[in-house]
Amino acid sequence: MMWYDGGWGWGGWMVMTVVMVLFWAVLIVGLIALVRYLNGARHHQQPGPPASSADGGWQAGRAENLLAERFARGEIDEDEYQRRLAFLREHR
């Protein structure tokens with residue numbers, strides 16, 4: 001008996017293999033891009049200290065900024081703000 005396939009033969013298998021490889025490549029690249037995007041968004045929300053400051057001066061400035069924010073929000077009064085600010089500047 002003769003066999004009649006009527007299909008694409010080896011060409012169909014090749015096309016299917018290429019499509020499957022492309023599908024998985026796009027899926028993996030998309031997941032990596034998503035993870036990098038989400039990881040980058042997290043890093044932009046919490047900036048770190050400047051890389052060039054070796055003496056720790058940025059820490060005193062950050063502490064003063066946090067103290068000023070607390071005073072602006074009304075968490076501490078002016079006397080406490082002045083007392084803590086003097087303490088921070090005294091112990092640099």
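Start with the overall layout. The chain holds 3 helices and 0 strands, and read from the N terminus the elements go α-α-α. Helix 1 covers residues 10-45, helix 2 covers residues 57-73, and helix 3 takes in residues 78-90. Of the 92 residues in the chain, buried ones make up 8%. The chain exposes about 8700 Å², and 64% of that area is supplied by carbon and sulfur atoms.

As for confidence, the mean pLDDT of the chain is 80, with 70% of the residues at 70 or more. Among the elements, helix 3 comes out with the highest mean pLDDT, at 91, while helix 2 has the lowest, at 83. The stretch at residues 51-55 is another matter: pLDDT there is below 50, and beyond near neighbours in sequence the stretch has 1 contact in the model. Where pLDDT is low, the predicted coordinates are not something to read in detail.

On the surface, a nonpolar patch stands out for a closer look. Its members are Met20, Phe23, Trp24, Leu27, Ile28, Leu31, Ile32, Leu34, Tyr37 and Leu38, and together they have about 1000 Å² of accessible area. Take Leu34 as one of them. This leucine is found in helix 1, and its relative accessible area of 44% makes it partly exposed.

Charged side chains come next. A search of the whole structure turns up 5 salt bridges. One of them pairs Glu64 with Arg89, with 3.4 Å between the closest N and O atoms. This pair links distant parts of the chain, since Glu64 sits in helix 2 and Arg89 in helix 3, 25 residues apart. The two side chains are also joined by a polar contact of 3.4 Å. Which of the two partners is buried, and which is partly exposed? Glu64 counts as buried, because its relative accessibility of 14% falls under the 20% cut-off. Arg89, by contrast, is partly exposed, at 49%.

Glu69 and Arg73 meet in a salt bridge at 4.0 Å, N to O. Both residues lie in helix 2, 4 residues apart, which is about one turn of the helix. Glu69 is partly exposed, with a relative accessible area of 41%, whereas Arg73 is exposed, at 53%. Arg73 also has a salt bridge to Glu75, where the N to O distance is 2.9 Å. Glu75 is partly exposed, with a relative accessible area of 46%. Salt bridges that share partners tie Glu69, Arg70, Arg73 and Glu75 into one network. Arg73 belongs to both of the bridges described here, with Glu69 and with Glu75.

Key
Residues numbered from 1 in each chain as written. Heavy atoms only, no water. Patch = residues over 30% accessible without salt bridge, like charges linked within 9 Å, V, L, I, M, F, W, Y side chains within 5 Å. Areas by Shrake-Rupley, 256 points an atom, 1.4 Å probe, with all protein chains shown as cover. Helix = DSSP H or I, 4+ residues; strand = E, 2+ residues; numbered from the N terminus. Buried < 20%, exposed > 50% of the residue type's maximum accessible area, 1.4 Å probe, protein only. Polar contact = N/O pair within 3.5 Å; in protein donor to acceptor, adjacent residues only side chain to side chain. pLDDT = per-residue confidence, 0-100. Contact = heavy atoms within 4.5 Å.
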